[in-house]
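Colleague: I have this model open and would like to go through it with you. Can you put it up first?
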Amino acid sequence: MSDQTTSTPSIRDLETRINHLDKRIRDIGDPITPAEVIQLRQFKRDRQELLRLCAHPSPADRVYLARHAGRPGVVDYVDHLFTDFFEQRGDRLFREDPSIYGGITMFDGHPVTVLGTRKGKNLQENLACHFGMPCPEGYRKARRIMLQAEKFKRPIITFIDTAGAYPGREAEENGQGEAIARNLAAMSHLHVPVIAVFTGEGGSGGALALGVANRVIMLENAIYSILSPEGFASILWKDPSRSDEACSVMKLTAQDLYHLKVADEIVKEPLGGAHRDPDAVYHALRRAIRENLKALSHLSGTELANRRMAKFRAYGVVDAKNLKNIES
């Protein structure tokens, strides 16, 4: 890693420092001592530096922002972008998995099906949802809901924010790989429009299980990769501490994936991340979904399936001009 990379503070480091100083400053009473004046000046400098970094985040900064606990989740998007949501639960085979949230809803007065990975808003919800890592029954529920959407000709919109499928022993014993594979096969042949929105992390097959779409939309600080940067660094260099370096090598940011033609559109976020101004994100994403649904609405079911298959078969095929832009 270059000296510049190691000497430049990250957004995560500065946010930690600012939060620490902010707590100390709130405890300051009158009169302010010279030492407390120094703290206030440092606080102001750190805030200015944070804004500067947020304007030009590194890949490692974007990974941090993609994982930020304050980012809106699938429940927030359903509440703000859709109306008359009716949740559907259970896979009709085993049990309910709360890490997959989905159902029937209305968008601009038209019925659609919405699905997404749910992480939860507090520790209790985090544990119930396996921190957004679905089990086989979650993917089976998603497949059931998607096939129902096809039966009734409803477009499908998925919201993806997951580190990957749940890696526990029970999940493997219950057919994790098979459940994901069936989702991939089912989504490949759907005869309704499918839009995938990456709102945070998009990790491995756990994300791809909801990501086989006609259009892939990514928020500006969302990521999409075969595994986590920590896992990449551990496998390639036997050193998980080099995860920041891995973020640059893996080409996992929305900007990289747009150049690689994996992502079709990037939705801009407020300075500092989606959690800074969720309403602005909802407004921009509503427009993006509306425009993409309109563009797909004139295609027949066969055309939708064929174009979706062609899109994924073209992954990895990059022309020389795009490759030069990515490497630069």
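Modeller: A nonpolar core is a set of buried Ala, Val, Leu, Ile, Met, Phe, Trp, Tyr and Cys residues joined through side-chain atoms within 4.5 Å. Buried means under 20% relative accessible area, exposed over 50%, and partly exposed in between, with a 1.4 Å probe and protein chains only. This is a predicted model: local features need pLDDT of at least 70, side-chain atom pairs count only at pLDDT 80 or more, and totals for chains, interfaces and linings use all residues. Residues are numbered from 1 along each chain as its sequence is written, and side-chain values use heavy atoms, with hydrogens and water left out.

Colleague: Which residues have the most contacts inside the largest nonpolar core?
Modeller: Phe159, Phe198, Met218 and Leu285 do, in a core of 53 residues. Helix α14 (residues 278-296) gives this core its largest share, eight residues. Helices (H or I, at least four residues) and strands (E, at least two) are DSSP runs, numbered from the N terminus.

Colleague: What does Leu285 touch?
Modeller: Not counting residues up to four places away in sequence, Leu285 touches Tyr77, Leu81, Phe159, Val197, Ile217, Leu219 and Val267. Contact means heavy atoms within 4.5 Å. Another core, of ten residues, lies apart from the largest one, and Ala66, Ile223, Phe232 and Cys247 are among its members.

Colleague: Ala66 is in α4, then. How many residues of α4 are buried?
Modeller: Seven of the eight residues in helix α4 (residues 59-66) are buried. They are Ala60, Asp61, Arg62, Val63, Tyr64, Leu65 and Ala66. For the chain, 48% of the 328 residues count as buried.

Colleague: New topic: at what angle do α7 and α9 cross?
Modeller: The axes of α7 (residues 136-151) and α9 (residues 176-188) cross at roughly 20° and come within 8 Å. Axes are lines fitted to C-alpha atoms, for helices over the stretch in contact, and angles run from 0 to 180 degrees between N-to-C directions. The crossing angle therefore makes α7 roughly parallel to α9, a label for angles under 35 degrees.

Colleague: And Arg89, is that buried or exposed?
Modeller: Arg89 is exposed, with a relative accessible area of 53%. Arg89 sits in the loop between β1 (83-87) and β2 (100-107).

Colleague: What is Arg89 in contact with?
Modeller: Leaving aside neighbours within four places in sequence, Arg89 is in contact with Glu96, Lys141 and Arg144. The C-alpha atoms of Arg89 and Ile145 are separated by 9.0 Å, and the two residues are 56 residues apart along the chain.

Technical notes
Angles under 35 degrees count as roughly parallel, over 145 as roughly antiparallel, 65 to 115 as roughly perpendicular and the rest as oblique.
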